[in-house]
Amino acid sequence: MEAAQFGSAFTSKSLSPPSSSFPTSQSLLYFRFNEARLKLKSPRAFSVRASSRGGESVVTLLDYGAGNVRSVRNAIRYLGFEIKDVQTPEDILGANRLIFPGVGAFASAMDVLNKKGMAEALSTYIMEDRPFLGICLGLQLLFESSKENGPVRGLGIIPGVVGRFDASSGLRVPHIGWNALKLKEGSEILDDIGNRHVYFVHSYRAIPSKDNMDWVSSTCNYGDNFIASVGKGNVHAVQFHPEKSGDVGLTVLRRFLSPKSHRTKKPTEGNASKLAKRVIACLDVRANDKGDLVVTKGDQYDVREHTEENQVRNLGKPVDLAGQYYKDGADEVSFLNITGFRDFPLGDLPMLQVLRCTSENVFVPLTVGGGIRDFTDANGRYYSSLEVASEYFRSGADKVSIGSDAVYAAEEYLRTGVKSEKSSLEQISRVYGNQAVVVSIDPRRMYINSPKDVEFRSTRVTNPGPNGEEFAWYQCTVNGGREGRPIGAYELAKAVEELGAGEILLNCIDCDGQGKGFDIDLVKLISDAVSIPVIASSGAGTVEHFSEVFKKTNASAALAAGIFHRKEVPIQYVKEHLLEEGIEVRI
């Protein structure tokens, strides 16, 4: 099917002029492209303003310094291509192929592009119908504006406004996980997806309309139909993350980078129809007594063998295990550095190297937690939690998990009723978006006779306590479960959602390492209380435990560690069982 002419995207209707609140440079850029929308007839009418540099194996990458683009780099190199980084607007105009992996907030990205003079170069490059692939925010910026901390004006190439998902009807926002696409005929770079899931993580989306339908190459349903990808001529952009969508995502990148290459083998057809439940492999990482980083597993948070030597339980090497779980079908891999960063977080080079090495061959989301808080080093230099998180992101993490520091922030917020804007949770969420921040909750079950016995939210328990108690509240802990705090899991979850958390990792000290199943009472209490995704953790011992937590609660994902490390229950068996139970998963 012949590709539509690039110029046909533009209508004869003029946009209303930007208000005086927009920067002058942005207003001038707006008028230039509004005029171009009236005059553009064919991409062949444009001349290239800068000579193309680099061979066919070189990809130009527009990285403006926000979030994790290491995974995009690794995916490009994995496919056999070299990378040239954009340093100046001229580098954009001279590119043979340009990939823009936009991450972070819409306003921040536009601000950087405008200040560096790259917005005009980027728009010119795209309007010349030259090979372009935008990813996530790299798609959203093509639209006229966004309501994220706005309105904020975008590049104005595609008609439409980017808005937030509507959570008022119970929709969990951010949209995190593996969802299905509805492809239009001739979607080109998506042709090898084969009805399989791809990975999304975003709170804002663009809606298809009669004004932009000639751009839309696929849609996705999450509450309503939103634009999952656009394409016209040589210009493409996707809302999902191909670099985090496993082998399926790599086919998308391959089709863009090598459009003339064709698969001799038809892609395996999947059964993707909606948002899948996620199965996550967790690796607790710490140094053993010899100083080597190992994957360990606690029994109610105790990671040492009950032997005379009392050594740290060693279940394998972090990079090797992560790679194996990726091959086995894990939807995400989560690293928890359970002893690192006690003195100086940015000095923990081995853990950062684990992330860097893992991201070279693991193309699903990576989460890392441990020590994400403000620090002052031995020389008296202060490092903010934002700097610590930024180093994680640069090393390959897609999300960071915050534990104790989030508890303190929530306590202060509940005490004062005021958001300080200074906590690690608030700072990281503001810069990188709430979808990049997971709050890890470590509660302990506290039995009571009546909900009136405590000021915290309690729930009726399925199994009564040791003295016949029918209710329990869940006390939050810090410092690896060693210190109880005067706040319940319900209160903490509600508070961190308001402070900017995008996801909750819900552990349970009582169930940890027991293999008797997730704490269904706890997971239901929290997943019913918040509108952000909840990951159930602690206690999985059989495949039935996974189907139970998905059927009885609103958990979006389930995490396990020991049963995967010890090969007691392979990830593939879990997914096969879930499919048999009618629960959608990624295969």
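**Exercise 1. What is the volume of the second largest pocket, and which residues lie nearest its centre?**

Solution. Start with the size: the second largest pocket has a volume of about 790 Å³. A pocket here is an open set of points on a 1 Å grid over the protein atoms alone, with protein on both sides within 12 Å along at least five of seven lines. The volume is the space filled by probe spheres set on points joined across faces, edges and corners.

This is a predicted model, in which local features need pLDDT of at least 70, side-chain atom pairs count only at pLDDT 80 or more, and totals for chains, interfaces and linings use all residues. Residues are numbered from 1 along each chain as its sequence is written, and side-chain values use heavy atoms, with hydrogens and water left out.

Next, the lining: 42 residues line the pocket, and Ser-429, Tyr-432, Gly-433, Asn-434 and Gln-435 lie nearest its centre. Lining residues have an atom within 4 Å of a point.

Then sort by element: helix H12 (424-432) is one of those giving two or more residues, and H12 gives the most, with 5. Helices (H or I, at least four residues) and strands (E, at least two) are DSSP runs, numbered from the N terminus.

Finally, the classes are 15 nonpolar, 15 polar and 12 charged residues. Asp, Glu, Lys and Arg count as charged; Ala, Val, Leu, Ile, Met, Phe, Trp, Tyr, Cys and Pro as nonpolar; the others, Gly among them, as polar.

**Exercise 2. Is Ser-440 buried or exposed, and with which side chain does its own make a polar contact?**

Solution. First find Ser-440 in strand E22 (residues 437-441). Its relative accessible area is 11%, so Ser-440 is buried (under 20%; exposed is over 50%, partly exposed in between; 1.4 Å probe, protein chains only).

Now look at the side chain: Ser-440 makes a polar contact with the side chain of Asn-507 at 3.0 Å. Such a contact is a pair of N or O atoms within 3.5 Å; within protein, one must be able to donate a hydrogen and the other to accept it, and residues adjacent in sequence count only if both atoms are side-chain atoms.

**Exercise 3. Which strands stand at the edges of the open sheet of 8 strands?**

Solution. Write the order: E2-E1-E3-E4-E14-E13-E12-E9, with mixed pairing. Strand E2 (82-85) and strand E9 (182-183) stand at the edges; each has a single partner strand, so one side of each lacks a neighbour in the sheet. Strands pair if DSSP finds at least two bridges between them.

How values were computed. 1 Å grid on protein atoms, 1.4 Å probe; cavity = no way out; pocket = protein on both sides within 12 Å on 5 of 7 lines; lining within 4 Å.
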